[in-house]
Structure formats: C-alpha cells, structure tokens
Amino acid sequence: MVKTQLAELSINDLIKADWNYKTEGTEEQIEKLITSIKVDKSVGVLAVREISISEDKDGMEVNKFEVIDGNHRLEALIRMNWEKVPCENFGDISKAKAITIANSNAFESVSYPANLLHLTF
C-alpha cells in the first residue's frame, strides 16, 4: 500500500504527466471547470507523485510534482492565477504505479479535511 500525504503545493512545482491521455482538455471543458470551481468554491485534491528533473542552469536536479490525476483542474487553476493547490502526494512512486493510480481513481474514496478542499475568497 502506498502511503500518501496531503499538502498545499506551489502551482509552479506541478507539471502535467505527459503519459496521461487526459492532459489537455478542450477550451469548453476548461471554461466549464473554471465556472464550477468558482460556484462550488472547491477544487478537490490533485493526485501527484514526486519526480526529479534536470531543470536549473547548472543541471542540478530539481524536485517537482507530476500530476497523476487532475490535469484539467490544474489547467483551470493556472488560468485562475492560483498560487497553491491542494494535493495528495503519493511520493516517489514509479510511472507504472502512477498510471495504475490514475486509472483506478482509488484515492477518490479518501475523506479530506474541509479546510483543504474549500476556497476562501
């Protein structure tokens, strides 16, 4: 069993999983999602895994979080200029395990604290 941790992560530290077929949504889907987030004042929790990528000018490894489930919500939140995003971090798991989690949506049955799920305007 994978141990997870709930956290608010910087939107700048989140990247879309290039292997996830649900990475890009249509303009209409994203706009509907933005409206829903505003009306419901809730975005839910994005599922992420920790990854290291060579990103800085010195070629040093930088820790980022790959979005396992929630790529459409991430796009909506980027457009809404969010800075922090509620996430369930599955840690340093393999791509195969991440794909299994994304396809099973098993984490959706977890109960989350209300303060992590709702927005304050």
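Colleague: In which sense do strand S1 and S5 pair, and over how many bridges?

Modeller: Please note at the outset that this is a predicted model. In a regular strand the side chains alternate between the two faces of the sheet. Here, S1, at residues 5–10, pairs with S5 in the antiparallel sense, and six bridges join the two strands. Within this pairing, Ser 10 stands opposite Lys 84 of S5.

Colleague: Which elements does the protein chain contain, and in what order do they run from the N terminus?

Modeller: The protein chain has four helices and five strands. From the N terminus on, their order is β-β-α-β-β-α-β-α-α.

Colleague: Why is strand S5 described as largely enclosed?

Modeller: A residue counts as buried when its relative accessible area is under 20%. Strand S5 covers residues 84–89, and five of its six residues are buried, so the rest of the structure largely encloses this strand. For the protein chain as a whole, buried residues make up 40% of the 121 residues.

Colleague: Which residues of helix H2 are buried?

Modeller: Helix H2 spans residues 71–79, and its buried residues are Asn 71, Arg 73, Leu 74, Glu 75, Ala 76 and Leu 77. Just after H2, Asn 81 adopts a positive phi of about 65°.

Colleague: How many residues has the largest nonpolar core, and which have the most contacts inside it?

Modeller: In soluble globular proteins, nonpolar side chains tend to be buried together. The largest nonpolar core in this model has 18 residues, and Leu 14 and Leu 77 have the most contacts inside it. At least two residues of this core come from each of H1 (27–40), S3 (46–54), S4 (61–69), H2 and S5. Another core, of nine residues, lies apart from it and includes Ala 47, Ile 68, Ile 101 and Ala 102.

Colleague: Which residues does Leu 14 touch, leaving aside those up to four places away in sequence?

Modeller: With those set aside, Leu 14 touches Leu 9, Leu 46, Val 48, Phe 65, Val 67, Leu 74, Val 85 and Cys 87.

Note on methods: Residues numbered from 1 in each chain as written. Predicted model: local features only at pLDDT ≥ 70, side-chain atom pairs only at ≥ 80, totals over all residues. Heavy atoms only, no water. Buried < 20%, exposed > 50% of the residue type's maximum accessible area, 1.4 Å probe, protein only. Pairing = 2+ DSSP bridges. Core = buried A, V, L, I, M, F, W, Y, C linked by side-chain atoms within 4.5 Å. Contact = heavy atoms within 4.5 Å.
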